[in-house]
Structures are given as C-alpha cells and as structure tokens.
Amino acid sequence: GHRLGKDPRVPARLKLNLFSPLPPLRSEIANHTAHLLPSLGRLADVTVWTSQEEWGAPDAEGVRMRRFRPDAPPWTEINEARATFFNIGNNTALHGDIFRVAGVVPGVAILHDTVLQHFFAGLAVHHGWRSEYLDAMRRHHGAEGLEQGRRLLTGGVGASDLAHRFPLTLAAADRATALVCHVPDGARALEARTRLPVYRLDLSTDLAGMREPIAAAKTADGEPRRLVMFGHLGFNRRLPSLLRALAEMPERDAFRLDIYGQIEDEAEARRLIASLGLGRLVEAHGFV
C-alpha cells in the first residue's frame with residue numbers, strides 16, 4: 001500500500017571520495033585520474049584526496065581537491081561520502097599514504113597491480129612496516145609465507161623471488177568492500193581467493209579522435225629489433241635483470257632497447273648500462 005517515490009535518504013548527487021596520486025607526479029595512474037575527473041564530476045560530487053604538497057589536476061565542476069595527512073586524516077569529512085575509492089599500485093612512494101587510510105576506511109580498492117609483494121616488502125624494508133608485513137604474510141600465505149617473509153627481512157630472498165607465489169594482493173583489501181582490476185587474469189585469480197565482489201573494468205580512456213592503430217613495422221634483414229620498456233620503473237620492474245640478460249646474449253647487437261619512464265635509481269641504472277657495455281644499444285629517454 002506504500003506509494004512509490006524517491007527515497008529521501010538518497011541524495012540527488014552521490015558524494016564520493018577518491019584517494020589517488022595526481023600530476024605532477026610522474027605516474028600514469030596520476031595522469032589517468034586527472035583525465036577522469038571532469039567525467040566523474042558530471043556524475044557525482046567528488047572529493048579527491050592527496051597527501052602531495054602540490055597537484056595539477058584540472059579545475060572540474062563537481063570536483064574538489066583536499067589534502068590529507070596520513071597520520072591524522074579528517075575522519076569526519078571523509079565519512080560524509082557515500083562511497084570511497086582507493087587507487088592502489090605497486091609503488092610505496094606513490095601509494096603508501098593511500099594504503100594507510102585504506103587500512104582503516106572501508107571502500108573500493110582499485111588494484112592497478114594484482115601482485116603487491118613488492119609494495120608491501122617496500123613498506124617493510126623502508127618504512128618500518130616489518131611486524132605488519134610478517135602478519136600479512138602469515139594471514140594470507142600461511143606458515144610458509146611467514147617463513148619466507150622472515151627471509152626477506154634478513155636479506156635471504158628478494159621481493160621478486162616471492163612475488164608470484166606470495167603476491168599479498170588481498171592484504172590491500174582487509175577493509176575493502178569490493179575490488180576493481182583491469183586485466184582478466186587478475187580478476188579471475190582474485191575471484192578464486194575472495195568473497196568480495198571483483199569487477200574487471202578497462203581503463204577509462206577517451207578514444208575520440210584517435211587514428212587507427214599503426215601496423216607493426218617490418219624489420220628488414222640485418223636491421224636491429226627494437227625493444228621498448230616503459231612505466232614507473234621501480235625495483236619491481238626488474239630493469240637491472242633485463243639489462244644483464246641483454247648483455248649476456250650472444251645476439252645482443254641484434255637489439256636496441258629504448259627505456260621510457262621515471263627510473264627510481266637512474267644514476268645506478270646508467271652506471272649499470274655503462275659497466276655492461278650497453279651504451280650503444282640502450283637509450284633512456286626519461287619521463288614522457
């Protein structure tokens with residue numbers, strides 16, 4: 001007998017929180033977020049939270065920027081939103097502060113990487129998160145995970161040795177209400193290990209006006225094969241391993257490697273390129 005009508009508890013426009021890196025940080029997650037904000041602002045009232053000292057996100061209607069301190073976030077203001085989203089990636093410098101809030105506030109974790117061993121190992125080794133790391137390894141990967149975590153903290157193994165057997169992905173979801181990832185394999189792996197809703201969504205990219213994809217160029221006999229490495233090149237990207245593998249190949253002169261992106265330890269990478277005798281085969285272009 002109740003008349004159907006608008007639920008007065010639901011506002012005309014949803015209030016959303018988004019925790020994310022932002023430009024000018026040299027991160028494609030930051031660039032992607034800035035690209036997305038005008039569209040989000042047309043759909044909801046969005047508060048974008050950052051711990052950066054400065055940011056260059058667009059001035060979009062429906063979007064406001066707020067800075068938070070990871071040691072004392074403004075809980076009352078954060079809790080006014082109907083939903084909260086966290087951009088989580090594998091770089092501790094870019095996502096460490098965001099993860100600290102995500103560990104307390106329920107929300108949707110957008111996992112730009114679905115193997116997060118490097119992220120949590122970085123927190124443990126460089127940011128004092130040692131006991132929490134061992135607890136996470138025990139909870140998510142059992143006794144063997146705990147033992148391997150102890151080995152990592154003593155230098156017996158590296159994060160790359162553990163990443164695929166002990167990904168620690170769900171340690172980023174202890175307070176999550178849902179998960180989002182961008183790759184089918186990652187979504188299937190998560191669905192097999194959690195009861196949380198898992199959404200596989202493509203990155204939101206405006207393709208209007210883009211030309212048709214260019215066909216791969218054919219390489220003439222005798223010309224080198226061109227290789228490209230790109231992204232935010234932290235230690236999880238294993239650039240030194242790639243350089244050593246190239247240097248050890250008898251056919252290394254048949255390749256050229258172009259590196260695009262922010263290299264965390266650029267001076268060390270350049271020293272390694274020189275010491276391996278790869279100077280004429282490898283070119284680092286920096287962030288583009």
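## Exercises on a cavity, a pocket and a sheet

By class, the lining of the largest cavity consists of seven nonpolar, one polar and two charged residues, where Ala, Val, Leu, Ile, Met, Phe, Trp, Tyr, Cys and Pro count as nonpolar, Asp, Glu, Lys and Arg as charged, and the others, Gly among them, as polar. The model is predicted, so that local features need pLDDT of at least 70 and side-chain atom pairs count only at pLDDT 80 or more, while totals for chains, interfaces and linings use all residues. Residues are numbered from 1 along each chain as its sequence is written, and side-chain values use heavy atoms, with hydrogens and water left out.

**Exercise 1.** Find which residues line the largest cavity, and state how much space lies in it.

*Solution.* Begin with the term: on a 1 Å grid over the protein atoms alone, a cavity is a set of points where a 1.4 Å probe fits but cannot get out, a pocket is an open set with protein on both sides within 12 Å along at least five of seven lines, and lining residues have an atom within 4 Å of a point. Next, list the lining, which is made up of F86, A102, V105, G107, A109, A172, A173, D174, R175 and A176.

**Exercise 2.** Describe the lining of the largest pocket.

*Solution.* The volume of this pocket is about 960 Å³. Its lining has 40 residues, and E28, I29, G231, H232 and R237 lie nearest its centre. Sorted by class, the lining of the largest pocket has twelve nonpolar, 22 polar and six charged residues.

**Exercise 3.** Work out the order of the strands in the open sheet, and identify its edge strands.

*Solution.* The seven strands run in the order β3-β2-β1-β4-β5-β6-β7, with parallel pairing, where two strands pair if DSSP finds at least two bridges between them. The edge strands, each pairing on one side only, are β3 (63-67) and β7 (198-200). As an example of pairing, β2 (residues 45-50) and β3 are joined in the parallel sense over five bridges, and V63 in β3 is the bridge partner of V46.

Note on methods:
Helices (H or I, at least four residues) and strands (E, at least two) are DSSP runs, numbered from the N terminus. Grid points are joined across faces, edges and corners, and a volume is the space filled by probe spheres set on the points.
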